[in-house]
Amino acid sequence: MKCLDFTSRIDEYLDDQLRPENAEAFRNHLARCPTCAEEADAVEGLRRRAARLPQSLDPPQDLWPEIATRIAAERVVRGRFGRRALMAAAAVALIAGSVVTAYLVGRSQVGTTVENRQIIENDPSEIVLASFQELGVADYLVTRSGLFGALEVRSGDLSPETLEVLMTNLKVIDDAMEKIAEALEEEPDNEFLMKQLAAAYRRQINLLETAVQLPAEV
Amino acid sequence: METIATFPTDVAPPVAVMTEANSSDRGKSGLVERAAAGDVEAFEELYRANVGRVYALCLRMAGDPTLAEELAQEAFVRAWQKLGSFRGASAFSTWLHRVTVNVVLGHRRSTIRREARVRPLGDDLPRDVAGREAGTAESIDLERAISSLPDGARKVFVLHDVEGFRHQEVSHVMGIAVGTSKAQLHRARKLLRKALTS
């Protein structure tokens, strides 16, 4: 056996992937060739170091809060309810005036996944950021959350019909965002799609701002 | 579109995974049943018991701490979604390990444009690595070198040399030929030795 044959199959030898007769030839070569023996020791040393790496590493921060949030959304969005139960929950939420809950429940019926929204919302493009700037929105998630909070407070002033229309429109926008996000997964650098996404965000914020300012109906 | 095989539940797990599973799953069966029934507190206990191993796998395979956190979160969310399909044929941690491998390999990097956010491993080393008394320098050097490997070579190396998969298993979960797995491992070891001796 030549040294080149040995080094080209050294991984197979050390990983016990060689046939017995070939392994025997390797062992014979190793006994006679200090250079190849050194090479084998080096690879074996690396394997041992890798095997000694800690199996468990603490993440820099606790990941549970984010997981818990997503699980909570999951439970509402598509979790452990049947479709009828979801629709009933939406109706109950409407009657109770919980716009946010109704919205989350309603999202399940357009097949919304939380994941795509988070990707887009956590990593917005320059186009989306510029769009927010035009709206005077420094932080989209904070603004949206604030508007939902304000809407929650005002929901008692609005009629069930108005709330239903509002939710329907929010779901339409949400659905559009999902479709755009899916398309962006395939073409992340598509400027047209990113502009469409920015427009959808603007429509959502505008709709919420308008709803919060509606005159009392009940 | 890229298709990646998922790790089936009827494949015998790698030896290293089985060993870990045996030690960490004692007394967990009640938790798994409660979590499968929708008990979030029980699932949080399972998270606490397994997050270190899940994060370590994600970190080494992704080579990026920020992405590793996201993938670990995704693995637990995916596990929550799929708990109903967990039959208990294997230990929960073994099943979770498979879910994590599938999440990491199924992650399409192109969907997240994070180039600006990627930073080399070492600036943000996990506490267990940075804080270990024995062999700290050796571990950190190797972790850093692993993170600098090309994507395919890194994943094969982590699965084979750290996690104990065989080439056939690597081939199956990564959707590559056995020969490609061997070639990537050879490449990874060569690059690592070069990095560690330079």
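## Chain B: burial and fold

Of the 198 residues in chain B, 44% are buried, a residue being buried if 20 or more other C-beta atoms, placed from the backbone, lie within 10 Å of its own, exposed if 12 or fewer do, and partly exposed in between. The model is predicted: local features need pLDDT of at least 70, side-chain atom pairs count only at pLDDT 80 or more, and totals for chains, interfaces and linings use all residues. Residues are numbered from 1 along each chain as its sequence is written, while chains are lettered from A and ligands numbered from 1 in the order in which they are written.

Chain B has 10 helices and zero strands, where helices (H or I, at least four residues) and strands (E, at least two) are DSSP runs numbered from the N terminus. Its elements run α-α-α-α-α-α-α-α-α-α from the N terminus on. Among contacts in chain B between residues at least 6 apart in sequence, 67% join residues at least 24 apart; two residues are in contact if their C-beta atoms, placed from the backbone, lie within 7 Å.

## Helices H3 and H5 of chain B

Helix H3 (residues 40-62) and helix H5 (residues 92-106) of chain B have axes that come within 10 Å and cross at roughly 35 degrees. Such axes are lines fitted to C-alpha atoms, for helices over the stretch in contact, with angles from 0 to 180 degrees between N-to-C directions. The crossing of H3(B) past H5(B) is right-handed, that is, the near helix is turned clockwise from the far one by less than a right angle.

On the H3(B) side the contact includes Leu46(B), Asn50(B), Arg53(B) and Val54(B); on the H5(B) side, Phe92(B), Leu96(B) and His97(B) are among the residues involved. By class, this contact has nine nonpolar, four polar and one charged residues. Here Ala, Val, Leu, Ile, Met, Phe, Trp, Tyr, Cys and Pro count as nonpolar, Asp, Glu, Lys and Arg as charged, and the others, Gly among them, as polar.

## Nonpolar cores

The largest nonpolar core has 61 residues; a core of this kind is a set of buried Ala, Val, Leu, Ile, Met, Phe, Trp, Tyr and Cys residues joined through C-beta atoms within 7 Å. Tyr55(B), Cys58(B), Leu71(B), Ala72(B) and Ala75(B) have the most contacts inside this core. H3(B) gives the most to this core, with 12 residues.

Leaving aside neighbours within four places in sequence, Ala72(B) is in contact with Pro59(A) and Leu63(A), as well as with Val51(B), Val54(B), Tyr55(B) and Cys58(B). Another core, of 19 residues, lies apart from the largest one and includes Val128(A), Ile180(A), Leu184(A) and Met194(A).

## Chain A: fold and confidence

Chain A comes to 12 helices and zero strands. Of its 218 residues, 24% count as buried. Among contacts in chain A between residues at least 6 apart in sequence, 72% join residues at least 24 apart.

The pLDDT, the predictor's confidence in each residue from 0 to 100, averages 74 in chain A, and 73% of the residues score at least 70. Over residues 76-97 of chain A the pLDDT is below 50, and this stretch has 30 contacts in the model beyond near neighbours in sequence. Residues 108-120 of chain A also have pLDDT below 50, with 24 such contacts.

## Two residues of chain A

Asp16(A) is in the loop between helix H2 (10-14) and helix H3 (20-32) of chain A. Although not a glycine, Asp16(A) has a positive phi of about 55 degrees. Asp16(A) counts as exposed because it has 8 C-beta neighbours inside 10 Å.

Phe132(A) is in helix H9 (residues 126-135) of chain A. With 18 C-beta neighbours inside 10 Å, Phe132(A) counts as partly exposed. Phe132(A) and Arg202(A) are 70 residues apart in sequence and, C-alpha to C-alpha, 7.4 Å apart in space.
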